[in-house]
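This report describes selected contacts and secondary-structure arrangements in the entry shown below.

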Amino acid sequence: MGCCCSTDKDSNQNGESNERTHLLGNAVSNNTPIQRTPYDGLRYPGSVPKPTDEQSALNKILQQTATNVIDVAALDSHNLEQHEYVERARQYIQKAQAVQPVLLSKYSKLILAKNSAVLKDMPAIDNLLIDSPICVMNYHMMMKNSSKISKALNEIHIEHKEDLVVPFAIP
Amino acid sequence: MEELRKYVACILQRVDGLLAIIITDRDGVPLVKVALDSAPEMALRPSYLSTFSAMATDQAGKLGVGKNNKIISIYSNYQVIQMNKSPLTISLIASKTANTGQLVNLENDLLVVVNDLASSVVD
Amino acid sequence: MDKEVQKCVEELMTSPGVVGVLCADRQGMCLTSQGVANSNYSGSLTSLSHLATTLEPGKGDPVILFENHESQCLIHQNMGMTLAVYKTNT
């Protein structure tokens, strides 16, 4: 973002004086706007092809910065009107009904798969049953290690290294 | 569609304490909504559900650790897990004591539903 | 710190027959998984150990053993932490 701001200032104050603004001004020949993600644009603001003048370049930079700023205050600005909401829900149901035949068999199979039992017949289980239920060694291994690990887990704590909130140095 | 709903309802029963599964679009308009009677009505409202897809997940994606996939919110009585499956969103409403690991793992079971809905319903 | 946990798990992985180890917290979220243990199942493993504890309340946390001819899965809960160990039959 620092990169973005500095470009902004340079082109604003010095006009044609630096290499970046020159590039932007000469880009008129390139008339096809290229689809870019905001992130790419932010990282290399100088290389964005500009079909129009400097003002639009600045606007674009401003817009990109705005999309990259986490604006908590604007979080609750958007809400759907009640009638829009009902209308759209109705549309979804309609469209979903249209594809019903295709999904019907697929989902009945899926439901069957989810509801069927996981237990299966096992051949020759006598050996397993003859053995003692659990090997003493394994039992002790589990007891020892689980207490060791949970002890180690309890020792995990947060180390304070630096402040989470960093005030900007505004003169 | 009825079968799809039944499948989601069947998944709802698989985790103790899971109260509702809602698949919505970006604005919180539900495509599939399966809920127990005990589900908190507040959490089923579009105004609540849309805050995730319209705002929170986008904003969280700007923290510099890549795209946001899911947000787990744990409240004093409930937990809400919302998954970003753009253009749709999966919201799981569960009681606080429900097994979060199991809930998160339901993503695999619900993926097929979201994909089907996304391809058939959303333009 | 977490290195201690990691060390315990790695030690466990070197024990004879052990092919996978998983640790999960009270909420079923995977803390660490190694070998064949799949972190997706941390929730189910935690849930199983919770269920097993309810069979005999007040008798402490049981060790659960699943086995077939080739392999075993041992689960034990301790102070909210669930440990699962996958072993091959020797």
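## Contact between chains B and C

In this predicted model, six residues of chain B are in contact with eleven residues of chain C. On the chain B side of this contact, five residues are polar and one is nonpolar, while none is charged.

## The sheet of chain C

Chain C contains an open sheet of five strands, with antiparallel pairing and the order E2-E1-E5-E4-E3. From one strand to the next, the twist averages 10°.

E3(C) runs antiparallel to strand E4 (residues 71-78) of chain C, and five bridges join them. C:Glu67 has C:Gln72 in E4(C) as its bridge partner.

## Helix H8 of chain A against chain C

Helix H8 (residues 136-154) of chain A lies across strands E1 (18-24), E3, E4 and E5 (81-88) of chain C. Relative to E5(C), H8(A) runs at about 140°.

H8(A) also packs with helix H1 (residues 2-13) of chain C, at an angle of about 160° and with the axes 8 Å apart. Because angles over 145 degrees count as roughly antiparallel, H8(A) and H1(C) are assigned to that class. The crossing of H8(A) past H1(C) is left-handed. H8(A) contributes A:Asn145, A:Lys148, A:Ile149, A:Ala152 and A:Leu153 to the contact, and H1(C) contributes C:Glu4, C:Val5, C:Cys8 and C:Leu12. By class, the residues of this contact are six nonpolar, one polar and two charged.

Methods. Residues numbered from 1 in each chain as written. Chains lettered and ligands numbered in written order. Predicted model: local features only at pLDDT ≥ 70, side-chain atom pairs only at ≥ 80, totals over all residues. Contact = placed C-beta atoms within 7 Å. Nonpolar A, V, L, I, M, F, W, Y, C, P; charged D, E, K, R; others polar. Pairing = 2+ DSSP bridges. Helix = DSSP H or I, 4+ residues; strand = E, 2+ residues; numbered from the N terminus. Axes fitted to C-alpha atoms, helices over the stretch in contact; angles between N-to-C directions. Parallel < 35°, antiparallel > 145°, perpendicular 65-115°, else oblique. Left-handed = near helix turned anticlockwise from the far one by under 90°.
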